[in-house]
Amino acid sequence: MLILDLGLNALVTGVVLGSIYALVALGLAITFGLLHIPNVAHPAMVIGGSYAVAISNSYGMDPLVAGVLWAIPFYALGVILYEFYSRSFESRGRGNTLQSLTLFFGISLIIEVGLVVAFGTDLRSIRAGYIGHSLTVGFIVMPYRFLIPAALAPVVIFLLWLYMTRTNTGLAIRAVAYEERALQICGLDPAAIKRHAFGIAMAMAALAGAALVITGPIDPFAGRAHIGRVFAVVVLAGMGTIPGTLVAAILIGVAESFVMTFLSPSWAPGVAFAILLATLGLRPNGLFGALR
Amino acid sequence: MSRIIVDRLVAGYGAVTVLRDISLEVGAGELVALLGVNGNGKSTLLNCILGFIRPRSGRIVLETQGRTVDLLTRSPHEITNLGIASVPEGRRLVPNLTVEENLLLAGGGPRGRKDIAANLAFCFETFPILAERRRQYSSTLSGGQQQLLAIARALMTSPEAIVIDEPSVGLAPIVVGQVIAAIRALQEARNLTILMAEQSFFQAIEVASRAYVLSHGKIIREFDQTSAVGDAEIRNAMMGVG
Ligand SMILES: Nc1ncnc2c1ncn2[C@@H]1O[C@H](COP(=O)(O)OP(=O)(O)OP(=O)(O)O)[C@@H](O)[C@H]1O
Ligand SMILES: [Mg+2]
């Protein structure tokens, strides 16, 4: 009976954690999954979002409201960053993956150092009415600080999926990495589409930052623990799928949770890497990857 | 109604000059064929008109609705939005979008947006096979179906002119006839201005009202009445022996 209880608890915890992972990976599902830009700075951007939300929260703003509001300046930052990226690499035809990786690795470090200089290395947390309370159903106890960000993920993913499938700009974002010339002969400017998509990805970093800082305190380097996992989520889901991100993230969350419960918490960080390697070896297109 | 005028165009790649002093004109509502064998610069010329290649010198202008627009200062998507659609070499469909999504991508742009429903209905009516395959990824269509989709996509932008690059390439002879016939029917139904590059001139001159022959980057012949010209004469011109 104890095993069953433990198992059920691990399952619920895994689903909740996975849902939060999906939110953290969502921006990368756009930049890497759709635009094919290896944005390793995404987790650092998410932590940047967490700090932005924490600042607003210190003036009494609800963290989720702050996340939504910060999404707007983050969008603008993303547009500027993409412009910088494309001017330094893509437009000169020198955009190889290694150079892009180096650039985004550098950006990641700059964000971290910037956060250290501005806020120090102390843990930073937020205040909200629901933090410290839990929902109890039977023997399962789930703190609201996990439940609320987890509930946000499906909503955001559903809205993003609608945008990507029902709007002209959404179709263009899905097309741009495959056939730029198709966009041009459809009367659309590929550079503008990519800027916009990168902006949306950064807006997602603000939302994910809010979610992450609700779950617990963060420090400037908190993004590092997520780098392997966000790539694992996007690759397992399959490049270019938005709803697949949720499924893949939950699978990884559940796997981690079971390893933590039944093996050892110290193995949990390896789970995502194992899944990443297994996916690349066994099913390189991921679970829901578009053909080709 | 629009007219495309190319005037003393010189273009090439790096140190290589491909087009030397090209002048031609496609009148409003005219279907003009651009004939030439492999590697004579047909695609280069069409890509200059579409803004993908910047020529070294010369002029390309579009006359539309009483104004004259210099195309050389415009980028490709702006040229599309001026009413010149493209059916490109290699078709350039988006492989990871469905047939319908490929059409909607074109139809939702600035120019076709207000007529998107009517344009989509027209495309599905004209090419029933595309309606049947609307939920299929474009990469899973046959070559002929992909060519029809590329043509339908061009129509979705509500164009006045269409530049078509070798619609027959890679298609079985019987399909070539269907594709060319479809182009002709559309041209008449919508009174489009069409410039069509071809090397299998046989079908092209059936439907074209005029033809230019491009050889080694120059226009070497111009046929004003393609119906009155014998096949042998055109073939010889294309081979540079006429
Ligand atoms: N991107 C490029 N860089 C360098 N040279 C090129 C490039 N594209 C074409 N060329 C050269 O320019 C010449 C004309 O090519 P183009 O594609 O315009 O010919 P074409 O008439 O369209 O031929 P085809 O019937 O085979 O499509 C060829 O000699 C080709 O090798
Ligand atoms: Mg060609």
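## Before you start

The model is predicted, with local features requiring pLDDT of at least 70 and side-chain atom pairs pLDDT 80 or more, while totals for chains, interfaces and linings use all residues. Residues count from 1 along each chain as its sequence is written, chains are lettered from A and ligands numbered from 1 in the order in which they are written, and side-chain values use heavy atoms, leaving out hydrogens and water.

## The sheet of six strands

Let us begin with an open sheet of 6 strands in chain B, ordered 6-7-8-3-9-10 with mixed pairing. Strands (E, at least two residues) and helices (H or I, at least four) are DSSP runs numbered from the N terminus, and two strands pair if DSSP finds at least two bridges between them. At the edges are strand 6 (84-87) and strand 10 (218-223) of chain B, each pairing on one side only. Neighbouring strands are turned by 20 degrees on average, direction ignored.

Inside this sheet, strand 3 (residues 31-35) and strand 8 (residues 193-198) of chain B run parallel, joined by 5 bridges. Here B:Leu34 stands opposite B:Ala197. Helix 7 (residues 173-190) of chain B packs on the sheet and touches strand 3, strand 7 and strand 8; its direction makes about 165 degrees with that of strand 8. Contact means heavy atoms within 4.5 Å, and angles run from 0 to 180 degrees between N-to-C directions of axes fitted to C-alpha atoms, for helices over the stretch in contact.

## The sheet of four strands

A second open sheet in chain B has 4 strands in the order 2-1-4-5, with antiparallel pairing. Its edge strands are strand 2 (16-26) and strand 5 (67-70). Strand 1 (residues 2-13) and strand 4 (residues 57-64) of chain B are joined by 7 bridges, and B:Asp7 stands opposite B:Arg59 of strand 4. Helix 1 of chain B packs on this sheet, touching strand 1, strand 2 and strand 4.

## Around ligand 1

Helix 1 (residues 42-49) of chain B also gives the most to the shell around ligand 1, with 3 residues. The residues around the ligand (a heavy atom within 4 Å) include B:Gly41, B:Lys42, B:Ser43 and B:Gln199.

Some side chains make polar contacts, meaning pairs of N or O atoms within 3.5 Å. B:Glu89 has a polar side-chain atom 2.6 Å from an oxygen atom of ligand 1, and for B:Asn38 the distance from a side-chain N or O atom to a ligand oxygen is 2.8 Å. A polar side-chain atom of B:Tyr13 lies 3.4 Å from a nitrogen atom of ligand 1.

Key
A polar contact is a pair of N or O atoms within 3.5 Å; within protein, one must be able to donate a hydrogen and the other to accept it, and residues adjacent in sequence count only if both atoms are side-chain atoms.
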